[in-house]
Amino acid sequence: MRILGIDPGYAILGYGVVDAQGGKSSVVDYGVIETAAGEPFPERLEKLYAGTRQLIGLHKPDQAVFEELFFYRNTTTAISVGAGRGVALLAAQQAGIPLYEYTPMQIKLAVTGNGHADKHAVQQMVKLLLGLSQIPKPDDAADALACALCHASTIGPAAEEYRIK
């Protein structure tokens, strides 16, 4: 099964594509879709949408997985990131891909065994689990790979609980 993991953002949207089969996962691709701070917001959203559609067309994932958003302080940032997440969700929905989401704590728990692990521990485990020679950069790409790995460990009937409906 090919899984597209998305770490939502509007300045930087991380993605990671993983093939998962028989309890083993391997990386296919990872990176980021970036938008420039000076660009008008609608153009930034269009770039995220088009980039997500391009990734889906290139890698043909069976499922797409998103990190759920949590913001405690900056509501302006939360709204902008939510809009970026929304256009990526729309791109995947239009492609007919089943959509799933996990909280940051669920992702950390699945990847490291500790739901309160720090960013570095998650990155180290992503590197180890995917047999990479170095930690994926930038951080947003590593987070997207962690999201895909979380879903890979939950595939099957248990994953339906996390399906976006």
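Reader: At what angle do helix H1 (residues 41-59) and helix H2 (residues 75-94) pack?

Author: Two packed helices are described by the angle between their axes and the distance between the axes. In this predicted model, the axes of H1 and H2 lie 9 Å apart. H1 passes H2 in a right-handed crossing. The packing angle of H1 and H2 is about 35°.

Reader: How many nonpolar residues has the contact of H1 with H2?

Author: On the H1 side, the residues that meet H2 include Phe-41, Leu-45, Leu-48 and Ile-56. On the H2 side, Val-87, Leu-90 and Ala-91 are among those that meet H1. By class, the contact of H1 with H2 holds one charged residue and four polar ones, and its nonpolar residues number 11.

Reader: Is helix H3 roughly parallel or roughly perpendicular to helix H5?

Author: The axes of H3 (residues 104-112) and H5 (residues 139-152) come within 8 Å and cross at roughly 75°. Angles of 65 to 115 degrees count as roughly perpendicular. Therefore the orientation of H3 to H5 is roughly perpendicular.

Reader: How many charged residues are in the contact of H3 with H5?

Author: Gln-106, Ile-107, Ala-110 and Val-111 are the H3 residues that meet H5. Their counterparts in H5 are Ala-146, Cys-147, Leu-149 and Cys-150. Seven residues of this contact are nonpolar and one is polar, while the number of charged residues is given as no charged.

Reader: In what order do the five strands form the open sheet?

Author: Strands of a sheet pair through backbone hydrogen bonds, either parallel or antiparallel. Here the pairing is mixed: E1 and E2 run antiparallel, whereas E1 and E4 run parallel. The order of the strands is E3-E2-E1-E4-E5.

Reader: Which strands stand at the edges of the sheet?

Author: An edge strand here has a single partner strand, so one side of it is left without a neighbour in the sheet. From one strand to the next, the twist averages 20°. The strands at the edges are E3 and E5.

Reader: Which residue in E2 is the bridge partner of Ile-3?

Author: Strand E1 (residues 2-7) is joined to strand E2 (residues 12-21) by six bridges. E1 and E2 form a hairpin with four residues between them. Arg-2 stands opposite Asp-19 in E2, and the bridge partner of Ile-3 is Val-18.

Reader: How many of the six residues of E1 are buried?

Author: E1 is joined to E2 by six bridges and to E4 by four. Leu-4, for instance, stands opposite Ala-64 in E4. H5 packs on the sheet and touches E1. E1 is mostly covered, and its buried residues number five.

Reader: What angle does the direction of H2 make with that of E4?

Author: H2 packs on the sheet and touches E2, E4 (63-67) and E5. H5 also packs on the sheet, and its direction makes about 35° with that of E2. The angle between the directions of H2 and E4 is about 170°.

Reader: Which residue in the turn between E2 and E3 has a positive phi?

Author: E2 and E3 run antiparallel and are joined by 10 bridges. They form a hairpin with two residues between them. The turn residue with a positive phi, about 60°, is Gly-22.

Reader: Why does Val-32 count as partly exposed?

Author: Val-32 lies in strand E3 (residues 24-34), where Gly-14 stands opposite this residue. Beyond its neighbours up to four places away in sequence, Val-32 touches residues including Ile-12, Tyr-15, Pro-138 and Ala-141. Buried means under 20% relative accessible area and exposed means over 50%. Val-32 counts as partly exposed because its relative accessibility is 22%.

Reader: Which distance separates the C-alpha atoms of Val-32 and Tyr-15?

Author: Tyr-15 is among the residues that Val-32 touches. Along the chain, Val-32 and Tyr-15 are 17 residues apart. The separation of their C-alpha atoms is 5.8 Å.

Reader: Is Ile-135 buried or exposed?

Author: Ile-135 has its place in the loop between helix H4 (119-129) and H5. Leaving aside neighbours within four places in sequence, Ile-135 is in contact with His-120, Gln-123, Gln-124 and Lys-127. Its relative accessible area is 15%, so Ile-135 is buried.

Terms used. Residues are numbered from 1 along each chain as its sequence is written. This is a predicted model: local features need pLDDT of at least 70, side-chain atom pairs count only at pLDDT 80 or more; totals for chains, interfaces and linings use all residues. Side-chain values use heavy atoms; hydrogens and water are left out. Buried means under 20% relative accessible area, exposed over 50%, partly exposed in between (1.4 Å probe, protein chains only). Contact means heavy atoms within 4.5 Å. Axes are lines fitted to C-alpha atoms, for helices over the stretch in contact, and angles run from 0 to 180 degrees between N-to-C directions. Angles under 35 degrees count as roughly parallel, over 145 as roughly antiparallel, 65 to 115 as roughly perpendicular and the rest as oblique. Ala, Val, Leu, Ile, Met, Phe, Trp, Tyr, Cys and Pro count as nonpolar, Asp, Glu, Lys and Arg as charged, and the others, Gly among them, as polar. A crossing is left-handed if the near helix is turned anticlockwise from the far one by less than a right angle, and right-handed if clockwise. Two strands pair if DSSP finds at least two bridges between them.
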